[in-house]
Amino acid sequence: MLPELLTSFSLHKLPALHFGAGSFSLLPELACRFGNRPMVVTGSRSFEASGRLSWLLHSLGRVSAGYLHRRVEGEPSPEMIDEAVAAGRRAGCDTVIAVGGGSVIDAGKAVSAMLLQEHPVERYIEGRDDFLEHDGRKVPFIAVPTTSGTGSEATNNSVISRVGSDGFKRSLRHPAFVPDVAVIDPELLCTAPRALTVASGMDAFTQLIEAWVSPFASPFTDLLAFSGMEYFIRSFLRACRDGADDHAVRGDVAYAAFLSGVALCNAGLGIVHGFASSIGGAFDIPHGVICATLLADATKENILQLRLSGSGQRALSKYAAVGRLLSQRPELSDVCACDMLVETLAYWQHELEVPRLGNYGIGMEHITHLAAVTRSKSNPVELDPDSLRKILFARL
Ligand SMILES: [Fe+2]
C-alpha cells in the first residue's frame, strides 16, 4: 500500500517506558525522582497475595518520607476519586503510583489529575452540563499495568462512570494526563485468569484496529498500530490458551496494549468504543467484554457500508491488510482479505467463548435506545441507526 501524501497531524507526549521482566523493581527509585510522599493505588488482592505490594510499600517506606496506600475496587466513579483525592491531600501526597488493571490505572490517573484542583472531579468530566476545563496542573503519575488491555498506561484520559438509568461513562481528559512513566513488567501479567486475558486482550486489539482505520490516523499511528497488531497476533491465542506463565507471550500482548494506547490517544477510536461508552454507562458489563463481543460484527458492518459508499477504498485496503496479517496469506485480494478478517474475528469470538450482551441483561427492548445514543466521530464510515441496531442484535 503506497503511503498517502502527508497532511497535518499532532502527537501527544509519550510516557517514559520501562519494559521487561523484573522492571517492577525499578519503582521505588523511579518514584523518588518525582516526590517524597507517594500514594500507591492498587486493586486486586492477587497482587497483594503475590508479596509484591508489601515489598513495594516496604521499599517506599525506606526511600521516601512516607506513603499512602489506597485500594480501589471496580471502575472509577466520581465519588471514589473524590474520596481518594481527599485522603491524598490529608497525607500530603506529591506523586501517584497505580498498579493494577485498566480501572486501577484510570483511578490513579484521575487522582493525580485532581490533587491540585479545587472542584470535585465530576465538574471536569467531558459531556457534563457544568463542564469545567481542566488546566493541566497535576502531580506526577506512574502507571504499572497488571493486565494487557486498555493501554491506559499510555493515554491522556481516565474513564469515569456511574452505572444506572441516568448513568454515564465518560472521560477526564487533558494532554498532561499521559502518565509520566509506564512500567510494563510481564511477570505481573502472568496471574491474569483466562476470561480476563481474553476480554482485556480484545480491548487492546479493538483499539489497534480502530486507530488503524480511523480517519484521523497518521503515518506515526499507522506504524504503531500495525506493529502492535503483529505482536498481538503472534501471541494472543497462546496467552489465552497456554501462555499463562510465559513471559515472552505475555510481553507481546502487553507491548501491543501499550501501543494501542499510544495509537488511540493520537488517532481516536471507532464504533465499538462508541458502544462501549453508551452500553458501559447503562449496564454493568466489563469494557473488554463489550469490545470482544462486538468487534467482529462491527467490523463486518463497517466493511459492508464502506463497500456500499463507493468511497471507502482507503479504509477497505487497511482492513484488508489486517486480514492478510491474520491469515498469513499475502496473496489475498482486498475483498477476500476483508472477508477473511471478519471470519477470523468471528472464529476467535467462538473459540474464546466470548459472552453475549444478553448475559448482562441487554435485550431487544434496549437496542433502539442504545443505537440512538451511540456516537463515534472516528469510525471510518458513518453508520445509521439501522446499522447500529444490526450490530447489537447480532450479539444479544
Ligand atoms: Fe478500550
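These legends accompany several close-up views of a predicted model.

**View 1**
Let us start with the overall layout, before moving in on single elements. The protein chain is split into domain 1, residues 16-188, and domain 2, residues 194-394. Their centres, taken over C-alpha atoms, are separated by 26 Å. Where the two meet, 22 residues of domain 1 are in contact with 25 residues of domain 2. On the domain 1 side, the elements that give two or more residues to this contact are strand 7 (168-173) and strand 8 (181-184). Strand 7 gives the most, with 3 residues. By residue type, the side of domain 1 that touches domain 2 divides into 8 nonpolar, 10 polar and 4 charged residues.

**View 1. Helix 1 and its buried side.**
Here we look at helix 1, which covers residues 27-34. Leu 27, Pro 28, Leu 30 and Ala 31 are its buried residues. Seen down the helix axis, they fall within an arc of 160°, so they line one face of helix 1. The face turned away from that buried side carries the exposed residues Glu 29 and Arg 33. What do the buried residues of helix 1 pack against? Their partners are strand 2 (38-42), helix 3 (52-63), strand 4 (95-100), strand 5 (141-145) and strand 8.

**View 2**
Ala 254 has 29 other C-beta atoms within 10 Å; the threshold for a buried residue is 20 or more, so Ala 254 is buried. Leaving out residues up to four places away in sequence, Ala 254 touches Ser 148, Ile 184, Pro 186 and Leu 189. With Leu 189, 65 residues apart along the chain, the C-alpha separation is 8.2 Å.
Ser 260 is buried too, because 32 other C-beta atoms lie within 10 Å. With neighbours within four places in sequence set aside, Ser 260 is in contact with Gly 151, Ala 204, Gln 207, Leu 208 and Gly 228. The C-alpha atoms of Ser 260 and Ala 154 are separated by 8.4 Å, although these residues are 106 residues apart along the chain.

**View 3. Helix 11 crossing helix 12.**
Helix 11 (residues 313-327) and helix 12 (residues 334-351) have axes that come within 7 Å and cross at roughly 65°. The crossing of helix 11 past helix 12 is left-handed. Helix 11 brings Leu 316, Ser 317, Tyr 319, Ala 320, Val 322, Gly 323, Arg 324, Leu 326 and Ser 327 to the contact, where they meet Asp 334, Ala 337, Cys 338, Met 340, Leu 341 and Thr 344 of helix 12. The residues of this contact divide into 9 nonpolar, 4 polar and 2 charged.

Now for two loop residues with a backbone feature to look out for. Gln 328 is found in the loop between helix 11 and helix 12. Its phi is positive, about 55°, although Gln 328 is not a glycine. Is Gln 328 buried or exposed? Gln 328 counts as exposed, because it has 7 C-beta neighbours inside 10 Å.
Glu 353 lies in the loop between helix 12 and helix 13. Phi of Glu 353 is a positive value near 55°, in a residue other than glycine. With 11 C-beta neighbours inside 10 Å, Glu 353 counts as exposed.

We finish with helix 14, residues 385-394, in which Leu 388, Ile 391 and Leu 392 are buried. These residues cover an arc of only 95° around the axis, which puts them on the same side of helix 14. Among the elements that cover them are helix 10 (287-309) and helix 13 (364-373).
Ala 371 has its place in helix 13. Ala 371 counts as buried, because it has 21 C-beta neighbours inside 10 Å. Not counting residues up to four places away in sequence, Ala 371 touches Pro 385, Leu 388, Arg 389 and Leu 392. Ala 371 and Gly 274 are 97 residues apart in sequence, and their C-alpha atoms are 9.9 Å apart in space.

Terms used:
Residues are numbered from 1 along each chain as its sequence is written. This is a predicted model: local features need pLDDT of at least 70, side-chain atom pairs count only at pLDDT 80 or more; totals for chains, interfaces and linings use all residues. Axes are lines fitted to C-alpha atoms, for helices over the stretch in contact, and angles run from 0 to 180 degrees between N-to-C directions. Helices (H or I, at least four residues) and strands (E, at least two) are DSSP runs, numbered from the N terminus. A crossing is left-handed if the near helix is turned anticlockwise from the far one by less than a right angle, and right-handed if clockwise. Two residues are in contact if their C-beta atoms, placed from the backbone, lie within 7 Å. Ala, Val, Leu, Ile, Met, Phe, Trp, Tyr, Cys and Pro count as nonpolar, Asp, Glu, Lys and Arg as charged, and the others, Gly among them, as polar. Domain bounds come from an automatic or database domain assignment. A residue is buried if 20 or more other C-beta atoms lie within 10 Å of its own, exposed if 12 or fewer, and partly exposed in between; C-beta atoms are placed from the backbone. The arc is that of the directions from the helix axis to the C-beta atoms.
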